[in-house]
Amino acid sequence: MSETPRPQGTAGGSRSRHPLPRPGRAFAHMTGASGSGTPHRSDGRPPHTPRGARQPGPGGCPGTTPPVPGQPAFLSGLPRLPGPRGLVALFALCGLVFALVTWQVAAAGPLRRADERLGRALFGRGPTGLTEFLADLGSTAVALPVLAASIAYALWRGGRAALPRVSAAALAMVAVPALVVPLKSWIARTGPLTRDTGYYPSGHTATAVVAYCGAALLLCAYVRRRRWWPGVLALVLTLATGAGLVLRGYHWPLDVVGSWCLCLMLLLLSHRLGLWRRPPRASRVRAAPDR
(Lines give C-alpha, C1' and ligand atoms only; values in the text may rest on other atoms or scores of the structure.)
Protein backbone atom coordinates (compact mmCIF):
# COMPACT_ATOMS: atom_id res chain seq x y z
CA MET A 1 0.00 0.00 0.00
CA SER A 2 1.23 3.43 -0.80
CA GLU A 3 1.48 5.83 2.02
CA THR A 4 -0.51 8.97 1.94
CA PRO A 5 1.97 11.84 1.73
CA ARG A 6 2.02 13.90 4.89
CA PRO A 7 1.90 17.67 4.56
CA GLN A 8 5.17 19.42 5.00
CA GLY A 9 5.58 21.03 8.39
CA THR A 10 7.65 23.76 9.82
CA ALA A 11 10.96 23.35 11.57
CA GLY A 12 9.12 22.62 14.79
CA GLY A 13 6.94 20.02 13.17
CA SER A 14 3.72 21.97 13.44
CA ARG A 15 1.47 22.70 10.50
CA SER A 16 1.69 26.10 8.84
CA ARG A 17 -1.56 27.99 9.13
CA HIS A 18 -2.68 31.58 9.11
CA PRO A 19 -2.92 33.22 12.48
CA LEU A 20 -6.42 33.40 13.86
CA PRO A 21 -7.83 36.90 14.20
CA ARG A 22 -8.35 38.07 17.78
CA PRO A 23 -11.83 39.34 18.63
CA GLY A 24 -12.08 43.12 18.84
CA ARG A 25 -8.69 43.75 17.24
CA ALA A 26 -8.07 45.47 13.92
CA PHE A 27 -5.98 43.24 11.68
CA ALA A 28 -3.69 45.68 9.89
CA HIS A 29 -2.36 43.50 7.08
CA MET A 30 -4.80 40.79 6.04
CA THR A 31 -5.40 39.76 2.47
CA GLY A 32 -8.49 41.40 1.06
CA ALA A 33 -11.66 39.52 0.24
CA SER A 34 -10.82 39.55 -3.42
CA GLY A 35 -7.47 37.87 -2.77
CA SER A 36 -5.56 40.75 -4.30
CA GLY A 37 -3.21 40.95 -1.38
CA THR A 38 -4.10 44.57 -0.67
CA PRO A 39 -3.92 45.23 3.06
CA HIS A 40 -6.99 46.69 4.68
CA ARG A 41 -8.42 47.55 8.09
CA SER A 42 -11.20 45.65 9.75
CA ASP A 43 -13.31 48.83 9.93
CA GLY A 44 -13.13 49.46 6.19
CA ARG A 45 -10.85 52.51 6.40
CA PRO A 46 -7.60 52.73 4.39
CA PRO A 47 -4.46 51.60 6.27
CA HIS A 48 -2.76 54.99 5.96
CA THR A 49 -3.98 58.55 5.85
CA PRO A 50 -3.42 59.85 2.30
CA ARG A 51 -0.74 62.49 2.06
CA GLY A 52 -2.29 65.94 2.29
CA ALA A 53 -5.65 64.64 3.54
CA ARG A 54 -4.94 65.11 7.24
CA GLN A 55 -6.92 67.98 8.68
CA PRO A 56 -4.85 70.71 10.33
CA GLY A 57 -5.29 71.40 14.00
CA PRO A 58 -5.86 74.77 15.69
CA GLY A 59 -4.02 77.62 14.04
CA GLY A 60 -3.00 75.43 11.10
CA CYS A 61 -0.86 73.07 13.19
CA PRO A 62 -0.95 69.39 12.19
CA GLY A 63 -3.54 67.38 14.00
CA THR A 64 -6.38 64.96 13.62
CA THR A 65 -9.32 67.00 14.90
CA PRO A 66 -11.71 67.50 11.97
CA PRO A 67 -13.17 70.96 11.50
CA VAL A 68 -16.66 71.50 12.88
CA PRO A 69 -19.11 72.93 10.33
CA GLY A 70 -19.95 76.51 11.18
CA GLN A 71 -17.17 76.80 13.76
CA PRO A 72 -13.73 78.37 13.26
CA ALA A 73 -10.79 75.97 13.54
CA PHE A 74 -9.27 77.93 16.41
CA LEU A 75 -12.44 77.39 18.45
CA SER A 76 -12.38 73.60 18.09
CA GLY A 77 -11.51 73.25 21.80
CA LEU A 78 -14.68 75.04 22.84
CA PRO A 79 -18.20 73.63 22.86
CA ARG A 80 -19.60 73.27 19.35
CA LEU A 81 -21.00 76.48 17.94
CA PRO A 82 -24.22 76.49 15.90
CA GLY A 83 -24.00 75.99 12.17
CA PRO A 84 -24.82 78.62 9.54
CA ARG A 85 -28.54 78.36 10.21
CA GLY A 86 -27.95 78.59 13.94
CA LEU A 87 -25.82 81.68 13.51
CA VAL A 88 -28.53 83.28 11.38
CA ALA A 89 -31.11 82.40 14.02
CA LEU A 90 -28.92 83.87 16.77
CA PHE A 91 -28.41 87.02 14.70
CA ALA A 92 -32.16 87.31 14.19
CA LEU A 93 -32.81 86.79 17.91
CA CYS A 94 -30.34 89.54 18.85
CA GLY A 95 -31.91 91.82 16.27
CA LEU A 96 -35.38 91.13 17.64
CA VAL A 97 -34.34 91.84 21.23
CA PHE A 98 -32.48 94.98 20.17
CA ALA A 99 -35.49 96.24 18.20
CA LEU A 100 -37.84 95.54 21.13
CA VAL A 101 -35.60 97.28 23.67
CA THR A 102 -35.02 100.26 21.37
CA TRP A 103 -38.73 100.63 20.71
CA GLN A 104 -39.59 100.52 24.41
CA VAL A 105 -36.88 103.02 25.32
CA ALA A 106 -37.80 105.44 22.53
CA ALA A 107 -41.55 105.21 23.18
CA ALA A 108 -41.27 105.29 27.01
CA GLY A 109 -43.14 101.99 27.21
CA PRO A 110 -43.70 99.74 30.22
CA LEU A 111 -40.36 98.00 29.72
CA ARG A 112 -38.57 101.33 30.09
CA ARG A 113 -40.47 102.16 33.29
CA ALA A 114 -39.55 98.76 34.75
CA ASP A 115 -35.96 99.34 33.69
CA GLU A 116 -35.82 102.66 35.51
CA ARG A 117 -37.24 101.16 38.69
CA LEU A 118 -34.63 98.39 38.57
CA GLY A 119 -31.86 100.88 37.92
CA ARG A 120 -32.79 103.07 40.89
CA ALA A 121 -32.77 99.97 43.10
CA LEU A 122 -29.25 99.04 41.93
CA PHE A 123 -27.56 102.45 41.96
CA GLY A 124 -24.92 102.79 44.67
CA ARG A 125 -24.72 99.07 45.45
CA GLY A 126 -21.31 97.48 45.97
CA PRO A 127 -17.92 98.96 46.92
CA THR A 128 -17.39 102.30 45.24
CA GLY A 129 -13.78 101.65 44.26
CA LEU A 130 -14.56 98.26 42.72
CA THR A 131 -17.60 99.38 40.76
CA GLU A 132 -15.72 102.42 39.47
CA PHE A 133 -12.88 100.17 38.32
CA LEU A 134 -15.33 97.85 36.54
CA ALA A 135 -17.01 100.77 34.81
CA ASP A 136 -13.63 102.06 33.61
CA LEU A 137 -13.00 98.77 31.80
CA GLY A 138 -15.26 100.07 29.03
CA SER A 139 -13.36 103.31 28.48
CA THR A 140 -11.30 103.75 25.35
CA ALA A 141 -8.19 104.36 27.48
CA VAL A 142 -8.40 100.78 28.78
CA ALA A 143 -10.17 98.72 26.09
CA LEU A 144 -8.48 100.07 22.96
CA PRO A 145 -4.90 99.34 24.12
CA VAL A 146 -5.96 95.75 24.81
CA LEU A 147 -7.27 95.38 21.27
CA ALA A 148 -4.24 97.16 19.81
CA ALA A 149 -1.86 94.82 21.66
CA SER A 150 -3.79 91.79 20.37
CA ILE A 151 -3.64 93.12 16.81
CA ALA A 152 0.11 93.69 17.09
CA TYR A 153 0.63 90.19 18.46
CA ALA A 154 -1.48 88.64 15.69
CA LEU A 155 0.49 90.49 13.01
CA TRP A 156 3.76 89.41 14.62
CA ARG A 157 2.71 85.76 14.71
CA GLY A 158 0.69 85.52 11.50
CA GLY A 159 2.17 88.13 9.18
CA ARG A 160 0.15 88.77 6.05
CA ALA A 161 -2.04 85.75 6.66
CA ALA A 162 -3.43 87.43 9.79
CA LEU A 163 -4.53 90.57 7.90
CA PRO A 164 -8.13 89.40 7.27
CA ARG A 165 -8.64 88.65 10.96
CA VAL A 166 -6.95 91.86 12.07
CA SER A 167 -9.05 93.82 9.58
CA ALA A 168 -12.21 92.24 10.98
CA ALA A 169 -11.32 93.35 14.52
CA ALA A 170 -10.39 96.87 13.40
CA LEU A 171 -13.49 97.32 11.25
CA ALA A 172 -15.73 96.12 14.07
CA MET A 173 -14.24 98.72 16.40
CA VAL A 174 -14.60 101.46 13.78
CA ALA A 175 -18.25 100.48 13.34
CA VAL A 176 -19.00 101.04 17.04
CA PRO A 177 -19.14 104.87 16.97
CA ALA A 178 -20.72 104.80 13.52
CA LEU A 179 -23.65 102.84 14.96
CA VAL A 180 -23.84 104.08 18.56
CA VAL A 181 -23.54 107.84 18.07
CA PRO A 182 -26.53 108.20 15.68
CA LEU A 183 -28.67 106.03 17.96
CA LYS A 184 -27.76 108.17 20.95
CA SER A 185 -28.78 111.33 19.11
CA TRP A 186 -32.01 109.84 17.77
CA ILE A 187 -33.32 108.29 21.01
CA ALA A 188 -31.94 111.01 23.33
CA ARG A 189 -32.53 109.12 26.56
CA THR A 190 -31.68 110.94 29.74
CA GLY A 191 -29.11 109.50 32.12
CA PRO A 192 -29.87 108.01 35.52
CA LEU A 193 -28.35 110.81 37.62
CA THR A 194 -28.38 113.71 35.15
CA ARG A 195 -30.68 115.57 32.81
CA ASP A 196 -28.30 115.17 29.90
CA THR A 197 -29.37 112.99 26.99
CA GLY A 198 -27.65 110.44 24.79
CA TYR A 199 -27.34 107.43 27.07
CA TYR A 200 -28.88 104.68 24.91
CA PRO A 201 -27.14 102.51 23.85
CA SER A 202 -24.13 102.46 26.14
CA GLY A 203 -20.94 103.39 24.31
CA HIS A 204 -18.70 102.03 27.08
CA THR A 205 -20.43 98.66 26.88
CA ALA A 206 -20.12 98.56 23.09
CA THR A 207 -16.42 99.41 23.29
CA ALA A 208 -15.83 96.67 25.85
CA VAL A 209 -17.69 94.01 23.86
CA VAL A 210 -15.91 94.63 20.57
CA ALA A 211 -12.46 95.24 22.09
CA TYR A 212 -12.34 92.28 24.46
CA CYS A 213 -14.20 89.79 22.24
CA GLY A 214 -12.18 90.88 19.21
CA ALA A 215 -8.95 90.41 21.17
CA ALA A 216 -10.11 86.96 22.26
CA LEU A 217 -10.86 85.93 18.68
CA LEU A 218 -7.39 87.06 17.62
CA LEU A 219 -5.59 85.30 20.46
CA CYS A 220 -7.49 82.00 20.20
CA ALA A 221 -5.64 81.15 16.99
CA TYR A 222 -2.29 81.11 18.78
CA VAL A 223 -3.23 79.30 22.00
CA ARG A 224 -2.43 75.60 21.70
CA ARG A 225 -3.75 74.44 25.06
CA ARG A 226 -6.81 75.56 26.98
CA ARG A 227 -8.09 77.59 24.04
CA TRP A 228 -11.21 78.48 26.01
CA TRP A 229 -9.59 81.01 28.33
CA PRO A 230 -9.48 84.06 25.97
CA GLY A 231 -13.20 83.78 25.30
CA VAL A 232 -14.07 83.23 28.94
CA LEU A 233 -11.91 86.18 29.99
CA ALA A 234 -13.56 88.41 27.37
CA LEU A 235 -17.01 87.37 28.58
CA VAL A 236 -16.10 88.10 32.21
CA LEU A 237 -14.69 91.52 31.34
CA THR A 238 -17.74 92.40 29.27
CA LEU A 239 -20.21 91.40 31.99
CA ALA A 240 -18.12 93.18 34.64
CA THR A 241 -18.14 96.38 32.60
CA GLY A 242 -21.92 96.36 32.29
CA ALA A 243 -22.36 95.66 35.99
CA GLY A 244 -20.03 98.50 36.94
CA LEU A 245 -21.82 100.99 34.68
CA VAL A 246 -25.20 100.15 36.21
CA LEU A 247 -24.05 100.01 39.83
CA ARG A 248 -22.29 103.37 39.54
CA GLY A 249 -25.39 104.97 38.01
CA TYR A 250 -23.76 105.79 34.69
CA HIS A 251 -26.31 103.84 32.62
CA TRP A 252 -29.69 102.21 32.90
CA PRO A 253 -29.73 98.39 32.62
CA LEU A 254 -31.41 98.48 29.20
CA ASP A 255 -28.63 100.74 27.91
CA VAL A 256 -26.23 97.90 28.58
CA VAL A 257 -28.52 95.17 27.21
CA GLY A 258 -29.06 97.10 23.99
CA SER A 259 -25.31 97.47 23.46
CA TRP A 260 -24.77 93.77 24.08
CA CYS A 261 -27.30 92.84 21.40
CA LEU A 262 -26.01 95.40 18.92
CA CYS A 263 -22.36 94.40 19.23
CA LEU A 264 -23.11 90.69 19.23
CA MET A 265 -24.88 91.22 15.90
CA LEU A 266 -21.79 93.04 14.66
CA LEU A 267 -19.46 90.20 15.64
CA LEU A 268 -21.79 87.56 14.21
CA LEU A 269 -21.92 89.45 10.94
CA SER A 270 -18.15 89.60 10.67
CA HIS A 271 -17.95 85.87 11.50
CA ARG A 272 -20.62 85.02 8.90
CA LEU A 273 -18.57 86.84 6.26
CA GLY A 274 -15.71 84.45 7.03
CA LEU A 275 -13.24 87.08 8.25
CA TRP A 276 -12.40 85.11 11.41
CA ARG A 277 -11.98 81.68 9.82
CA ARG A 278 -8.67 81.99 7.99
CA PRO A 279 -5.83 80.42 9.99
CA PRO A 280 -2.60 82.39 10.39
CA ARG A 281 0.29 81.17 8.28
CA ALA A 282 3.12 81.76 10.77
CA SER A 283 1.73 79.28 13.28
CA ARG A 284 1.77 76.42 10.78
CA VAL A 285 4.53 73.87 11.09
CA ARG A 286 5.66 71.32 8.55
CA ALA A 287 3.75 68.09 8.96
CA ALA A 288 5.75 64.89 9.34
CA PRO A 289 5.24 62.32 6.54
CA ASP A 290 2.67 59.64 7.24
CA ARG A 291 3.99 56.23 8.10
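C263 is buried, with 3% relative accessibility; buried means under 20% relative accessible area, exposed over 50% and partly exposed in between, with a 1.4 Å probe and protein chains only. This is a predicted model, in which local features need pLDDT of at least 70 and side-chain atom pairs count only at pLDDT 80 or more, while totals for chains, interfaces and linings use all residues. Residues are numbered from 1 along each chain as its sequence is written, and side-chain values use heavy atoms, without hydrogens and water.

**Cysteines**

- The structure has zero disulfides, a disulfide being a pair of cysteine sulfur atoms within 2.5 Å.
- C261 is in no disulfide, and its nearest cysteine sulfur, that of C94, lies 5.4 Å away.
- C263 is in no disulfide either, with the sulfur of C213 as the nearest at 8.8 Å.
- C261 is buried, at a relative accessible area of 11%.

**Helices α3 and α7**

- Helix α3 spans residues 128-136 and helix α7 residues 229-247; helices are DSSP runs (H or I, at least four residues) numbered from the N terminus.
- The two pack at about 125° with axes 7 Å apart; axes are lines fitted to C-alpha atoms over the stretch in contact, and angles run from 0 to 180 degrees between N-to-C directions.
- α3 and α7 are therefore oblique to each other, as angles under 35 degrees count as roughly parallel, over 145 as roughly antiparallel, 65 to 115 as roughly perpendicular and the rest as oblique.
- T131, L134 and A135 of α3 meet A240, T241, G244, L245 and L247 of α7, contact meaning heavy atoms within 4.5 Å.
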